[in-house]
Amino acid sequence: MNAPVYNFAYLDEQTKRMIRRAILKGIAIPGYQVPFASREMPMPYGWGTGGVQVTAAILGPDDVLKVIDQGSDDTTNAISIRKFFARTAGVATTTATADATVIQTRHRIPEAPLHGGQVLVYQVPIPEPLRFLEPRETETRRMHALGEYGLMHVKLYEDIARFGHIATSYAYPVKVNARYVMDPSPTPKFDNPKMDNCPALQLFGAGREKRIYAIPPYTSVVSLDFEDHPFTRYRFDAPCALCGAGDSYLDEIVTDDQGSRMFVCSDTDYCEGRQAEGHRGSESAAPHKERPHG
Amino acid sequence: MYVAVKGGERAIENAHRLLAHERRGDREVPELSLAQISGQLSLGVDRIMTEGSLYDRELAALALKQARGDMIEAIFLVRAFRATLPRFGASEPVDTGQMQVRRRISSTFKDIPGGQILGPTFDYTHRLLDPELAEGSKPEAPATAEASAATMPRVTDILGRDGLIEPSPQLDANSPVGDLTREPLSFPADRDLRLQNLARADEGFLLALGYSTQRGYGRSHPFAGEIRLGEVEVEFMAEDVGFAVPLGAVTLTECQMVNQFKGSATEAPCFTRGYGLAFGQSERKTMSMALVDRSLRARELGEEIVAPAQDEEFVMSHSDNVQATGFVEHLKLPHYVDFQSELGLLRKLRQEFSEATVEIPEPMQEAAE
Amino acid sequence: MADNTTAVQDNDQPLMQAEGLGKNYGRLSACRDVSFALYPGEVLAIVGESGSGKSTLLQLLSAQLAPSAGKVSYRMRDGVMRDLAALGEAERRFLFRTDWGYVHQDPVLGLRMAVSAGANVGERLMAVGWNHYGRIRDTATSWLERVEIDVERIDDAPRTYSGGMRQRLQIARNLVTEPRLVFMDEPTGGLDVSVQARLLDLMRNLVSELGLAAIIVTHDLAVARLLSHRVMVMKGGRVIETGLTDQVLDDPREPYTQLLVSSILPA
């Protein structure tokens, strides 16, 4: 039987070079979706195979990796991906946003501001922001090439006509570097402003759809809107029940079947950091001393 | 007092332990060997090799065992392994005309050079559950006869000699072989990539699409020109020795459909081809594949594209069961964050709606989409 | 007959010019050797039976088909005559969003059926950079009024509209960017006679108010008589007769035109 032998960070060097070329092209054309020959990974499509391939291609032995899903380091899929790289690349891992050199994420951007030299790798399910308006790839690629984005505004118009608001709450489309309309992946629109003029490099990997795109550091990222219906962030209006933060995106926790709920930070590192500094919310437990993994 | 959920890592480890336990089943019952799976569930192994795109019976049997009999999971395991294998190059095209035929039927001619050979087939079995099999059976040895020396030309070659069927497009020997596992796919896609996609495609998906063409959704008037099963030599052109080196034999099923075509102002009418090829014995797969291949040729044959089976972007984007199952099943992953965002918006809209309804007691227009 | 005073505006340069235009499909010639000039504000009707090549000609003129012979030139807003075949796809699509309109016989082809009427009209504005919801909606509202659609229906999708309303909506969607040239392919085809009359009346007023040039393909000589200044009669892919609308319809020279006129326009 052919016994498998795996390379550093799983992918072979030839594949990594191919992915790096796609990443470089993506950086050169901010917001443009670069087709790449996505490999079949040992985890299912939809579990972050695009992000994993991007991370595998850029990871070096000195990197410090953080993986989050829904803002948390401790959700099962984040753990699974972190373990994958700890095993195949032997890199150091962390849960502290500030200490990481590479952060792979699904659905959130950390609350702590990112700094220069960091790379944020997004897992992307559907990279095409026009997909649900126009299902054909041949047509959407032409629309991007010609900068024909009227249809995207038609969608926003319809939202306002029907609901009085732009009714997109996550995967809220943005225009990158005043050229390409881009899907930020299913992050809540609360996170959109963090993408703009960000000091960190932002890379996006869609494995099943075989696309990579990028936002270089300090690039303009503008959420689409109308002058008289400007983009607004959304956050449940309450402080975090654990750390009292009034500026973080919150998870809603259903605590019984009588309609009781509480709201806590979705970014667990941020929340734990604040608690360690002595911040308290209405439901605080003793601050978590043990920080899993290292 | 609320404590954030922790311990996901241990949960994963425990889940894997439990999975291994369930996989083994009743420990009083002997464990399946790979030889048993490969030998006795051979059509399942064939399908895993075909859709996994890797000709290795032992690994396919292992995958089926590891996947607890889940075909798509097994195909996925084989694919993930295949992705890590180095590429040395492409083999020479296999010559199915030289196949050591074990089964061969044509529905277009009563008798053909080399004859019709029924071979191992369910086709004329009566589908009655067989209690003898449950107890362990000792089937009779198969009937034997002198090996025939007759050549077995492909039926499509016989038609081709009279120009009744379009010539099979001959690829320039020097042109590179497309590989959608190494290069990103773009549309429109050429037939080599379409066939590769169909060969890897989910059998059930192709079956349904092929069936839809028969029921009128892009009808192509098919006849099963020939289906053959047997062994063919695989040869590899080794640059340093300068000639093709035989690598061994593989079992293949090939289906050539003969389809109608009206001709054009510049070309005399002739039959057109639909092609299916798979590892092992995979007749349903190759027949469905041949129907869909023919349908996907609508663009090059100047036919109007009106049905799903003719739409290459639709077919090729949705045929891969590893991709499809990944995206469908990823809905299991947490979506707390976007759901929360949606919940917030919905609450706001409902509040505004109820406020507006108090002021103007008119029903809201039905949504346009 | 439309008002001829708007036919020639402030300049006498042609807006569009076709020279020796032809299209072959294999051995079949769908249209051959068509030449004419269209001036700003002028309405040209192309008439003929089905299969006469008039629809192929319309597609050639609107750059949706590449000609096998000859060329079509168009005077861009900067005053320069450009060969349509030499335009890039981006330029061609931009023309279609701004300076041209195309009214399909079947409004389903020209509208987004699942999107509200307001957004159907507003799409072209948004495509050219309008970014103020209130102004887009106001403009859409005023266009619905101009094409006599109840503004209460602005948030309804056209699939809830009658055939006549859909066609009027399609016209509003095309005219909102104030194009200089509108192509119309059997714009009244498939509508009831009473609905046709209202639509024709509306179209005639809009064309003259806006000083639009238009090329209308129709088999219905009543449409040609009501809307056009000039008529081209096609048969077997060729133009067999051309002239002022009244002249051609009242005093046809070609036997084929005489047949058309007598069969379709009794008395």
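Predicted model: local features only at pLDDT ≥ 70, side-chain atom pairs only at ≥ 80, totals over all residues.
**Contact between chains**

The contact between the chains draws on 52 residues of chain A and 42 residues of chain B. On the chain B side, five helices each supply at least two residues: α1 (8-24), α4 (57-66), α5 (71-82), α12 (321-329) and α13 (336-359). The most is given by α13(B), with eleven residues. Sorted by class, this side of chain B holds 22 nonpolar residues, nine polar residues and eleven charged residues.

**Contact between domains**

Chain B is assigned a domain 1, covering 9-82, and a domain 2, made up of 96-122 and 133-325. The C-alpha centres of these domains of chain B are 28 Å apart. Where the domains touch, 13 residues of domain 1 of chain B are in contact with 14 residues of domain 2 of chain B. On the domain 1 side, α3 (42-52) and α5 of chain B each supply at least two residues. Here α3(B) gives the most, with seven residues.

**Classes of residue on each side**

One helix, α5 of chain B, has a part in both contacts: α5 supplies at least two residues to the side that touches chain A, and at least two residues to the side of domain 1 that touches domain 2 of chain B.

Note on methods:
Residues numbered from 1 in each chain as written. Chains lettered and ligands numbered in written order. Contact = placed C-beta atoms within 7 Å. Helix = DSSP H or I, 4+ residues; strand = E, 2+ residues; numbered from the N terminus. Nonpolar A, V, L, I, M, F, W, Y, C, P; charged D, E, K, R; others polar. Domains from an automatic or database assignment.
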